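Student: How do I read helix burial and aromatic contacts in a model? Show me on an example.

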Amino acid sequence: MPRSSSPTGVVEVRPANEVSWDELAAVFGDRGYPAVCWCQRQVLGDRVWYRTPPEERARLLHEQTSAGDPDAPGTSGLVAHLDGEPAGWVAVGPRPSYRRLRGSPVPWKGRAPGGAQDKDDPDVWAVACFVVRAGFRGLGLTYDLARAAVAFAREQGAAAVEGYPILDPSGAPITWGENSVGSVQAFRAAGLEEVARPTTRRRVMRLDLR
């Protein structure tokens with residue numbers, strides 16, 4: 001997986017099954033929204049997510065990532081280290097695996113009819129969620145994570161990869177919690193291009209891989 005140097009240090013991004021659960025849990029921390037959600041809202045959908053306590057959400061993430069098991073056949077995301085410290089996470093996987101995306105109008109509204117609208121197409125992957133650990137934000141790690149997510153999807157045979165970033169047309173800053181879906185700039189730097197504007201604040205970005 002990608003390894004790069006930046007003014008802030010050496011960034012290495014690896015599949016989550018190749019890091020320990022303690023490292024992954026450190027990214028989510030013990031307070032704030034990441035430590036409540038454990039990247040499960042996109043997977044479970046709102047209704048089930050609200051009924052699921054945080055401890056169970058953490059267990060599900062552990063199971064989905066196979067953290068600590070480098071021989072696992074798959075994983076649900078990638079972990080970034082900055083100078084050896086666990087610093088960020090990105091969820092990337094087949095688009096049908098994210099129940100919240102399936103039920104949201106964002107990925108589908110304004111799209112041309114055809115394959116992009118097939119909600120069951122496992123060859124279209126989605127970059128669904130970013131988490132950057134407190135103390136490591138503002139260093140551009142979402143750019144590294146977005147590029148790594150595209151590379152991972154390509155390695156796994158995805159036909160296309162999509163992202164659903166948020167922006168404020170007025171230029172007002174986006175809160176960290178909202179920006180967990182990623183930024184237009186990070187996705188663009190990873191090679192994705194805008195294909196739809198389902199709402200005034202959301203964009204659909206896509207890169208065809210084959």
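This is a predicted model: local features need pLDDT of at least 70, side-chain atom pairs count only at pLDDT 80 or more; totals for chains, interfaces and linings use all residues.

Student: Which residues of α1 are buried?

Tutor: Burial is judged by relative accessible area, with under 20% as the cut-off. In α1, residues 21–28, the buried ones are Leu24, Ala25, Val27 and Phe28.

Student: Why do they line one face of the helix?

Tutor: Look down the axis of α1. The buried residues fall within an arc of 150°, so they line one face.

Student: What covers the buried residues of α1?

Tutor: The cover includes two helices, α2 (32–37) and α5 (54–65). It also includes the strands β3 (77–82), β4 (85–94) and β5 (124–132).

Student: What follows α1?

Tutor: Glycine 29, with a positive phi near 75°.

Student: Now the rings. How many aromatic pairs does a search of the whole structure find?

Tutor: Seven. One of them joins tryptophan 49 and tyrosine 50. Read the angle between planes: over 60 degrees counts as edge-to-face. Here the planes are 75° apart, so the pair is edge-to-face, with 5.1 Å centre to centre.

Student: Are tryptophan 49 and tyrosine 50 buried or exposed?

Tutor: Tryptophan 49 is buried, at 6% relative accessible area. Tyrosine 50 is exposed, at 55%.

Student: Which arginines lie over the face of tryptophan 49?

Tutor: Arginine 57 lies over it at 3.9 Å from the ring centre. Arginine 41 lies over the face of tryptophan 49 at 5.0 Å.

Student: Which residues do ring pairs link into a cluster?

Tutor: Trp21, Phe28, Trp38 and Trp89.

How values were computed
Residues are numbered from 1 along each chain as its sequence is written. Side-chain values use heavy atoms; hydrogens and water are left out. Buried means under 20% relative accessible area, exposed over 50%, partly exposed in between (1.4 Å probe, protein chains only). Helices (H or I, at least four residues) and strands (E, at least two) are DSSP runs, numbered from the N terminus. The arc is that of the directions from the helix axis to the C-beta atoms. Contact means heavy atoms within 4.5 Å. Rings of Phe, Tyr and Trp (its six-membered ring) pair if their centres lie within 6.5 Å; planes under 30 degrees apart count as stacked, over 60 as edge-to-face and the rest as tilted. A charge sits over a ring if NZ of Lys or CZ of Arg is within 6 Å of the ring centre and within 35 degrees of the ring normal.
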